[in-house]
Amino acid sequence: MKKIMIFCVMAAAAITVSAKDIREYVVTTTPVMTCKNCENTIKGNLLFEKGVKNIVTDREHQRVTVTYDAEKTNEAKLAEAFRKIHYSVKKINDNDSTRTAEHTKLSELPL
């Protein structure tokens, strides 16, 4: 019984320690992405930044979504990483009218 209690306490501690602050940084780039090579350049370079978990590029809507661990990096460091590959970025806010349907909140849909 004692071993089970110790195991439960250790498991709870491991879950608490492993909880991360994962965030998304959604931006548009200048110059705009015009081809697959542009997307590959962004993905290939930003994936080496510490804390970056995933990068999704969308040429049609001209946006890049970077999923990152906020304990290891931040938006300023990500913007600097874009600058190193000769892209400037503008953050897309939640109230930006250029959002796609997949980024629309359910509460904003007409009834």
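Lys 20 has a relative accessibility of 44% and therefore counts as partly exposed. In this predicted model, the side chain of Lys 20 forms a salt bridge with that of Asp 69, with 3.8 Å from N to O. Lys 20 sits in the loop between α1 (2–18) and β1 (22–30), while Asp 69 belongs to strand β3 (residues 63–69), so the bridge ties together parts that are 49 residues apart in sequence. Asp 69 is buried, because its relative accessible area is 0%.

These elements belong to a protein chain with three helices and four strands. Read from the N terminus, their order is α-β-α-β-β-α-β. Of contacts in the protein chain between residues at least 6 apart in sequence, 62% join residues at least 24 apart.

The count of salt bridges comes to six. One of them joins Asp 21 to Arg 23, where the closest N and O atoms are 2.7 Å apart. Asp 21 is partly exposed at a relative accessible area of 29%, and Arg 23 is partly exposed at 42%.

Another salt bridge links the side chains of Arg 83 and Glu 80, at 2.6 Å from N to O. Both residues lie in helix α3 (residues 75–84), three residues apart, which is about one turn of the helix. Glu 80 has a relative accessible area of 31% and is partly exposed. Elsewhere, a network of salt bridges connects Lys 36, Glu 39 and Arg 59.

For the protein chain as a whole, 26% of the 111 residues count as buried.

Definitions and conventions. Residues numbered from 1 in each chain as written. Predicted model: local features only at pLDDT ≥ 70, side-chain atom pairs only at ≥ 80, totals over all residues. Heavy atoms only, no water. Helix = DSSP H or I, 4+ residues; strand = E, 2+ residues; numbered from the N terminus. Buried < 20%, exposed > 50% of the residue type's maximum accessible area, 1.4 Å probe, protein only. Contact = heavy atoms within 4.5 Å. Salt bridge = Lys/Arg side-chain N within 4 Å of Asp/Glu carboxyl O.
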